[in-house]
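Dear colleague,

Please find below the structure I wish to hand over to you. My findings follow it.

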Amino acid sequence: MGADGKQPEREQGRDGGESPAAEPQKSRPGESKAGSEEDAHKCCGCRFPILIALLQLVLGITIAVVAFIMKTISSSLLARDTPYWVGIIICVAALLGFYMYCITYQVDEKTTLQFIIKLMYFLLCALGLILCISAVAFAAHHYNQITTFSCQVTLEHCVCKQDPDDLIARTFHYNDVTDCESVTTTIKLYLLLQMVLNLILAIVCLVACYVMWKHRYQVFFVGLSYHPFKGTKQQQSKV
């Protein structure tokens, strides 16, 4: 304490509680920016492609397995009624999604390989969306036909007609079927299952296309904007 009864300014600063050590530490802008960029590519704790790709892989394998099971019931089923081709294409897209998860993320598409993989994944998802909708339409059409069938067993195959009294009605032959209940119940159930699975997969592919487009292909460079009156207004303001 000095002669005039006043403490030095340094001690007053300590008593006032305004020392620099008491201030909360501020996070660095670089660390917060890196954390936000890392969180932007995560969904429910995981990076984006792993969730979508996992759903695509599971649904694609399930659709392909159900299609091959339907093929074993009757070899005369058309390819449009057994959409294994949808499952194979979606499985390829899912593998690309897993590969996108494994590679190191690069900003602004700095690597050609990453750009090609993302473009192929986007195109396969768009193609899968179209094929899933087509598979749903084919399965719904066949399901509607089976609901009106009148079937009977002939030798080693099942013969079905929509109107048994019509002599010129179209006849459907299901080879390797000894019991027509396999057509009217089992195949009908599998067609309904195919409609549900392909509809869910179409929604997943639509979400994948939207997210890829939103985060990677929404902003396009369209050139320099030309404002002819901007320079004249600035000159007038300076004058």
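Which residues do ring pairs link into a cluster? They are F149, F172 and Y174. Rings of Phe, Tyr and Trp (its six-membered ring) pair if their centres lie within 6.5 Å; planes under 30 degrees apart count as stacked, over 60 as edge-to-face and the rest as tilted.

This is a predicted model, in which local features need pLDDT of at least 70 and side-chain atom pairs pLDDT 80 or more, while totals for chains, interfaces and linings use all residues. Residues are numbered from 1 along each chain as its sequence is written, and side-chain values use heavy atoms, leaving out hydrogens and water.

The count comes to three aromatic pairs. In one of them, the ring centres of F68 and Y84 are 5.4 Å apart with planes at 20°, so the pair is stacked. This pair links distant parts of the chain, with F68 in helix α3 and Y84 in helix α4, 16 residues apart; helices (H or I, at least four residues) and strands (E, at least two) are DSSP runs, numbered from the N terminus. F68 is partly exposed at 45% relative accessibility, as is Y84 at 30%. The rings of F149 and F172 have centres 4.9 Å apart and planes at 40°, so that pair is tilted. Both F149 and F172 are buried. Buried means under 20% relative accessible area, exposed over 50%, and partly exposed in between (1.4 Å probe, protein chains only).

In helix α5 lies H142, which is buried with a relative accessible area of 5%.

Yours sincerely
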